[in-house]
Amino acid sequence: MDESRNEPLSSQTGATSLSSESEAKKDPRKEALRRTHYRMIRDMTDVAGVLDYIHSKLEVSRATKQRIQAERTSCDQARELISLVETLGDEGYDVFRDALLSTEQ
């Protein structure tokens, strides 16, 4: 059983210790997001809240926000939201983590 399933999503997006030299060269934030990508899409319960938080902290266009909200399912919305976060750089990862904490995910 996946023991991380009971952990908040926000606790899984921080930097973690890396075991191999090749992993050490990767950005730990991107690596954490990559590792938890499927689970976040599946388990994010408040996509709108996370998106609103990100929109309030970073320059995300209204059109981008509306495009994400227009997705049919919450999984599709979460997938698009994570794709957005991947384009926002280091600050985007930090704000995303803060958004998850703020929305208790």
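**Group meeting: a walk through the helices**

Let's start at Gln105, which sits in the segment after helix 6. Helices here are DSSP runs of H or I with at least four residues, strands are runs of E with at least two, and both are numbered from the N terminus.

A word on the source. The model is predicted, so to speak of a local feature takes a pLDDT of at least 70 and a side-chain atom pair needs 80 or more, while totals for chains, interfaces and linings use all residues. Residues are numbered from 1 along each chain as its sequence is written, and side-chain values use heavy atoms, with hydrogens and water left out.

Back to Gln105. Is Gln105 buried or exposed? Gln105 counts as buried, because its relative accessibility is 6%. The cut-offs are these: buried is under 20% relative accessible area, exposed is over 50%, and partly exposed is in between, with a 1.4 Å probe and protein chains only.

What does the side chain of Gln105 reach? It reaches the backbone nitrogen of Thr45, at 2.7 Å. A polar atom of that Gln105 side chain also lies 3.3 Å from the backbone nitrogen of Asp46. A polar contact is a pair of N or O atoms within 3.5 Å; within protein, one must be able to donate a hydrogen and the other to accept it, and residues adjacent in sequence count only if both atoms are side-chain atoms.

Now Glu104. Glu104 is also placed in the segment after helix 6. With a relative accessible area of 76%, Glu104 is exposed. Look at its backbone too: phi is near 55°, a positive value in a residue other than glycine. For background, most residues other than glycine have a negative phi.

Next, the whole chain. How many helices and strands does the protein chain have? Six helices and zero strands. Read from the N terminus, the order is α-α-α-α-α-α. The chain has 105 residues, and 36% of them count as buried. Its accessible surface is about 6,500 Å², and carbon and sulfur atoms hold 44% of that. Those areas come from the Shrake-Rupley method with a 1.4 Å probe; for residues, only the protein chains shown count as cover.

What about contacts along the chain? Take the contacts with a separation of 6 or more: 70% of them join residues 24 or more positions apart. Contact means heavy atoms within 4.5 Å.

On to a helix pair. Helix 5 covers residues 74–87 and helix 6 covers residues 89–102; they pack at an angle of about 140°, with axes 6 Å apart. So helix 5 is oblique to helix 6. The angle classes: under 35 degrees is roughly parallel, over 145 roughly antiparallel, 65 to 115 roughly perpendicular, and the rest oblique. Axes are lines fitted to C-alpha atoms, for helices over the stretch in contact, and angles run from 0 to 180 degrees between N-to-C directions.

Which residues make the contact? Helix 5 gives Leu81, Ile82, Val85, Glu86 and Thr87, and helix 6 gives Gly89, Gly92, Tyr93 and Phe96.

Stay with Glu86, in helix 5. Glu86 is partly exposed, at 39% relative accessible area. Setting aside neighbours within four places in sequence, Glu86 is in contact with Leu33, His37 and Tyr93. Glu86 and Arg29 are 57 residues apart along the chain, yet their C-alpha atoms are separated by 9.7 Å.

Helix 2, residues 28–43, holds Arg34. Arg34 is exposed, at 52%. Its C-alpha atom is 9.8 Å from that of Ile82, 48 residues apart along the chain.

Ile41 is in helix 2 as well. Ile41 counts as buried, at 8% relative accessibility. Not counting residues up to four places away, Ile41 touches Cys75, Ala78, Arg79 and Ile82. The C-alpha atoms of Ile41 and Arg79 are separated by 5.7 Å.

Now helix 3, residues 47–57. Its buried residues are Val47, Gly49, Val50, Leu51 and Ile54. They pack against helix 4 (62–69), helix 5 and helix 6.

Last stop, Val95 in helix 6. Val95 counts as buried, at 9% relative accessibility. Leaving aside neighbours within four places, Val95 is in contact with Tyr53, Ile54, Lys57 and Leu58. From Val95 to Lys57 is 38 residues in sequence and 7.2 Å in space, C-alpha to C-alpha.
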